[in-house]
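This briefing walks through a protein model step by step, for a reader who is meeting such a structure for the first time. Please keep the sequence and the 3D view at hand while reading the points below.

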Number of protein chains: 2
Amino acid sequence: MNTTLPTKDDLLKVYTDIRNRVHNTPVLESSSINNLAGSKMYFKCENFQKMGAFKMRAAVNAILRLSEEERSRGVVTHSSGNFGQAVALAAKELGVKAYVVMPANAPEVKKAAVASYGGIITECEPTLAAREFEANRIRESVNASFLHPSNDLDVILGNATAAMELLEVVPDLDMIVVPVGGGGLVAGTSLAVSYFGKQCKTIGAEPLNADDAWRSLQSGNIEINKSADTVADGLRTNLGSVNFPIIRELVSEIIRVEEDEIISALKLIWERMKIVVEPSSAVPLAAVLKAQGKFTGSRVGIILSGGNVNLEKLPF
Amino acid sequence: MNTTLPTKDDLLKVYTDIRNRVHNTPVLESSSINNLAGSKMYFKCENFQKMGAFKMRAAVNAILRLSEEERSRGVVTHSSGNFGQAVALAAKELGVKAYVVMPANAPEVKKAAVASYGGIITECEPTLAAREFEANRIRESVNASFLHPSNDLDVILGNATAAMELLEVVPDLDMIVVPVGGGGLVAGTSLAVSYFGKQCKTIGAEPLNADDAWRSLQSGNIEINKSADTVADGLRTNLGSVNFPIIRELVSEIIRVEEDEIISALKLIWERMKIVVEPSSAVPLAAVLKAQGKFTGSRVGIILSGGNVNLEKLPF
């Protein structure tokens, strides 16, 4: 293994440091979904995590790693989704100011959530350039620390704790399948699997309409989504320079799925498991059902990444 | 206590007999809902029960109480909702034939569920009279045992086990609040509370638009819903001669809620707890939020009765 990768001790330290600040979420099973899939699946329910997504783990760890002086100046991020909420809530719980740059057209419910956690919102034009510009301006003006949602080692290590918990409950998994967006979750999971799994593989699942990770593994370079028209709105982003080398070394495979496959898997989880998950969370199950032959008879861990959906705008 | 009531031993026997045939469902908490309500709530998640509702407990117990000869002739019920599914699944698991009379206009998804559990469906006109006529015809023609969804002592005792499990996890509840439809769940819960609670009360929650139980407790007679236009489709039915005496003796109070209060509570459960529950399940939380003063500072058990909803027809 590449010596520049984080070590097992790095993962254990993060696990110890954040375990009392995040929920050890339940692992659920569904006999009817197992029957459909022909494998035995264990769903790690990060939809039940604080603020409703695994990103809480990342935000808590990233803020914990800052010096006391850095914390006193606050943190800043830009996000239209879960990471903004995670940073706002983690910062609140750790007594740190959080500046969150959000596109002006972000859903009101997401702005309200960030505000309810005490995040200081700055609105900007709905482009990545505008978001980065505004975050940078705040970073410079108040000297706050910038937190990146996926391309940051502390974020990756925080994310790794979900798979560590899952492997504690089900040690003999054959594979763990996770959604791939910016790459932070799949990188963290692959580290956890490499140190704590027993002959376990990490498999990424990605919308065909935002298949930058699949293409990146093919080409060996970070590829970009030119467009990313997918219902799995958490998976539209691209890999980064920090997580890509980890993914390249430790992830066995990326499986791509169509939009209708994502929506069917989403409905299956809601109907059979009676839980609310967001579309991105359904991508791994869609992959298992699509590439069924790869999983037959296996013990498959699935990370349900989050449950923050607009109930008034469901895709079914 | 009235000597004709079932005894503590009756409840314990049922509990022992069915415990390996139903799920001991989890008890969840939500700090954000607790903060809103000003009380500490413990949600017993019968939406995670087999076939998605507490009625599985009743169906299993009612079939277990039949003689071997009766079981060999099968069971019959009429239902447009959860009880038909529960009887079909319980009968299948116990190797018994189940005849389920359903109105021809029942949603296809419900017919499909009954059929998938092996239930033999007979369709009829969508009136109570037609359902009863058809069920009676089947009962006579094949000599099957008729199972009533709520007005039957074995059904009531089966239902009681949900509150027994809840009180095992949280023994010092001040009250348990349950939805009131046909009266089987509230009667069973009140029996469990009277034997296994410590100074615990049973409170019913009912849609104002189907407030037969509230009116029945006022008048001392079983009152009927002339119309029952409520989103809580499991609560449109009336009390019966078997459960009403138990309810009269053991239920402290019925709280009535408006339709918009039910829908708000439903959305709150989905959004904050990330679980799928049916509208009837939200009626107790609506009652706690409406009559907040009665619950302030208390430890409140809530039975989330089920999670079978049509995801394509949500009320929000």
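This is a predicted model: local features need pLDDT of at least 70, side-chain atom pairs count only at pLDDT 80 or more; totals for chains, interfaces and linings use all residues.

A residue is called buried if 20 or more other C-beta atoms lie within 10 Å of its own, exposed if 12 or fewer do, and partly exposed in between.

- Asn143(B) is not a glycine, and yet its phi is positive, at about 60 degrees; the residue is found in the loop that runs between helix H7 (128-142) and strand S6 (145-146) of chain B.
- Because 13 other C-beta atoms lie within 10 Å of Asn143(B), this residue counts as partly exposed.
- Lys274(A), which is not a glycine either, has a positive phi of about 60 degrees, and its place is in the loop between H12 and H13 of chain A.
- Is Lys274(A) buried or exposed? Lys274(A) is buried, because 24 other C-beta atoms lie within 10 Å.

**Helices H12 and H13 of chain A**

- Helix H12 (residues 259-273) and helix H13 (residues 279-290) of chain A have axes that come within 7 Å and cross at roughly 105 degrees, which means that H12(A) is roughly perpendicular to H13(A).
- On the H12(A) side of this contact stand Glu261(A), Ile262(A), Ala265(A), Leu266(A), Leu268(A) and Ile269(A), and they meet residues of H13(A) that include Pro279(A), Ala282(A), Val283(A) and Leu285(A).
- When the residues of the contact of H12(A) with H13(A) are sorted by type, 11 are nonpolar, two are charged and no polar residue is found.

**Helices H1 and H3 of chain B**

- Helix H1 (residues 8-18) and helix H3 (residues 55-64) of chain B pack with their axes 10 Å apart, at an angle of about 100 degrees, and therefore H1(B) and H3(B) are roughly perpendicular to each other.
- Here Val14(B), Asp17(B) and Ile18(B) in H1(B) meet Arg57(B), Val60(B), Asn61(B) and Leu64(B) in H3(B), and the residues of this contact comprise four nonpolar, one polar and two charged.

**The two domains of chain A**

- Chain A is divided into domain 1, which covers 8-53 + 152-304, and domain 2, which covers 56-146; the C-alpha centres of these two domains of chain A lie 24 Å apart.
- To the contact between them, domain 1 of chain A brings 20 residues and domain 2 of chain A brings 14 residues.
- On the side of domain 1 of chain A that touches domain 2 of chain A, helix H1 (8-18) and helix H8 (153-169) of chain A each supply at least two residues, and H8(A) gives the most, with seven residues.
- That side of domain 1 of chain A is made up of eight nonpolar, six polar and six charged residues.

**The nonpolar core and the contact between chains**

- The largest nonpolar core has 206 residues, and those with the most contacts inside it are Ala59 and Val87 of chain A together with Ala59 and Val87 of chain B.
- If its neighbours within four places in sequence are left aside, Ala59(A) is in contact with Phe83(A), Ala86(A), Val87(A), Ala90(A) and Leu147(A).
- Where the chains touch, chain A and chain B contribute 13 residues each, and the residues on the side of chain A that touches chain B divide into six nonpolar, three polar and four charged.

How values were computed: Residues are numbered from 1 along each chain as its sequence is written. Chains are lettered from A and ligands numbered from 1 in the order in which they are written. Two residues are in contact if their C-beta atoms, placed from the backbone, lie within 7 Å. Ala, Val, Leu, Ile, Met, Phe, Trp, Tyr, Cys and Pro count as nonpolar, Asp, Glu, Lys and Arg as charged, and the others, Gly among them, as polar. Axes are lines fitted to C-alpha atoms, for helices over the stretch in contact, and angles run from 0 to 180 degrees between N-to-C directions. Helices (H or I, at least four residues) and strands (E, at least two) are DSSP runs, numbered from the N terminus. Angles under 35 degrees count as roughly parallel, over 145 as roughly antiparallel, 65 to 115 as roughly perpendicular and the rest as oblique. A nonpolar core is a set of buried Ala, Val, Leu, Ile, Met, Phe, Trp, Tyr and Cys residues joined through C-beta atoms within 7 Å. Domain bounds come from an automatic or database domain assignment.
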